[in-house]
Amino acid sequence: MPSFYEKPLIRYPIYALICVTVIAVLLLYLFNWILGLVLSMFLLAALYLISKAVVDFKQEMQGYITTLSYRLKKVGEEALMEMPIGILLYNDQFQVEWSNPFMTSCFDEDSLVGRSLYDVADSLVPLIKQEVESETIALFDREFKVIIKRDERLLYFFDVTEQIEIEKQYEDERTVLAFIFLDNYDEVTQGLDDQTRSAINSEVTSILNKWAKDYGVFLKRISSERFLGVLNEDILTKLEKTKFSILDEVREKTTMQNVSLTLSIGIGTGISTLQDLGGMAQSGLDLALGRGGDQVAIKQTNGKVKFFGGKTNPVEKRTRVRARVISHALKEIVLESDKVMIMGHRFPDMDAIGSAIGILKVAQVNEKEGFIVLDPETLDSGVEQLLIELKKHPELWSRFITPEQALEIMTDETLLIVVDTHKPSLVIDERLLIRSENVIVIDHHRRGEEFIKDPILVYMEPYASSTAELVTELLEYQPKKLKMNMIEATSLLAGIIVDTKSFTLRTGSRTFDAASYLRAKGADTVLVQKFLKEDINHYVKRAKLIQHASLYKEGIAIAIAQDEEHHDQVIIAQAADTLLTMNGVEASFVIAKRDEECVSVSARSLGDVNVQIIMEALGGGGHLTNAATQLPNQTLVEAAEKLKLVLEDYLEGGTKS
């Protein structure tokens, strides 16, 4: 009987029906035996037909199942042997036990049995040992997705070459937008006659058009100093390989015309929405300009930014219009606040403290209460003499408070001004940034990826020697009743002198103007020299650091401290400065331990090597000629190896001027 009829819910009712029928026939015999006999014959005939139908049904069902099994087996064999999917069985020694014809045909051999998996692909055994479920590998110029079944020691190979090619084609053809800006076009062309200006325009346009044609970029000039470029990811990759040599070409060829034009390029990539791409490109351009121009900033969807170029020092502006506008805007914001908090970076130097004192003067001259936030736990030994002198002036020293005191007296109307840094991770106390709704940033460093969120005013001038120089210019445009005492002017001058190495590095005409203004306000240069005096033990430690210096490449000196010694950041930086004064040294790097958990790297350059890019690759930052980084949980040897790898990449990329 078919299994359907053997189910209790079906079988028992049928048996009951037969029994009832038999009983009914027997009872019929008692009343009319002839009629009972006739019905008995009908009953026997019905039972015979039912049993015959069941037998025929079973035979038909068996035949159907047999045919279906045969067909399924045949299909399975054909799929196993003929479908374009590689199947491979291996043993415990990672040798091939069996493979289907498709897998064998990939190797153009009769059999793979007995061959090692290393012969099939070098990466297969490591993948199996790493317990990876699936991975894409290259095999005979094609891409295969390998699915690993460890329990069965079975490998499936799916050819995904076309899929990967389509994905790559999609990636390569995605739209990329670029905003190209002539950094100093207005300054360069100001005062030139029409013929000369036209010649410069023609030269720059010709260079850019040739570059665009060579690489397949659609280029459109949308203003006298701005271009729009439309390209794709494939073209962008080619441009990255050239390190955007167009920057050097424009700079060098315009120099032949006795002008110095540079480009800044902001690029948006990685998304399909044109509106968002435009926003990313503009953001990248703002970032490139904020870092001093002459560079490319590629804004990516993950928030990271790639930088190229930036090999020249930012050009100093010819006018003070921006300083005057910022000074007036600062005055208005201060007047709208109930009090002003000023905060620099952790381990503040002369520049941070001097510029903070200058901003405090801005608050006071506008009749607002001001405070300077200083954390006693994060003080630099290089400012000890300055702090000792400040304590001799109780009225000024009383304006210095701790971060905890600042948090207690801060209100929703309090203005927070951050000086000498723009990175939230570097400020004295990040809680103040979170607490304040009104933040102003004043800094002279080149802008990095990390930036304080939503400041109401930003004054960043990477051409400036120091933040103290910027603050001094702002003070010049404050109300005429401004009066500075000797210690305030001296603190600002000390910040300028320290950051310029006594007016030898990153010094422009406005640096001397600021120093002259401070000197007129009573700044004491002799007192500045007293601030800069160092302990004899510091001198000896610095000399020991320099003792371990050697030339890594031509013009590049690296000094690595002894592993058991710990050094102050100031000593490390001073050692790098001293190395730079040696003959034949264009760039210096000093690697030393700050403590057991942190290795510090200080970098200095005369301008031919961009140490900012090198330090940014190690997670730090700074200027073209002055930069640093800190590497937590690293040994001195590991830090030196990382630095050398970055230097190799930098020098091979041709980013050395």
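**View A. Helix α11 against the sheet.** Helix α11 (residues 274–290) lies across β6, β8, β9, β10 and β11, and runs at about 145° to β9; helices (H or I, at least four residues) and strands (E, at least two) are DSSP runs numbered from the N terminus, and angles run from 0 to 180 degrees between N-to-C directions, with axes fitted to C-alpha atoms, for helices over the stretch in contact. This is a predicted model, in which local features need pLDDT of at least 70 and side-chain atom pairs count only at pLDDT 80 or more, while totals for chains, interfaces and linings use all residues. Residues are numbered from 1 along each chain as its sequence is written, and side-chain values use heavy atoms, with hydrogens and water left out.

**View B. The open sheet and its strand order.** Six strands form an open sheet in the order β7-β8-β6-β9-β10-β11, with mixed pairing, where two strands pair if DSSP finds at least two bridges between them. At the edges are β7 (218–221) and β11 (305–309), each of which pairs on one side only.

**View C. Pairing of β9 with β10.** Strand β9 (residues 263–268) pairs with strand β10 (residues 295–299) in the parallel sense over four bridges. Ile-267 has Ile-298 of β10 as its bridge partner.

**View D. Helices α8 and α10.** Helix α8 (residues 194–215) packs with helix α10 (residues 246–255) at an angle of about 155°, their axes being 10 Å apart. The two are therefore roughly antiparallel, a term used for angles over 145 degrees, with under 35 counting as roughly parallel, 65 to 115 as roughly perpendicular and the rest as oblique.

How values were computed. Contact means heavy atoms within 4.5 Å.
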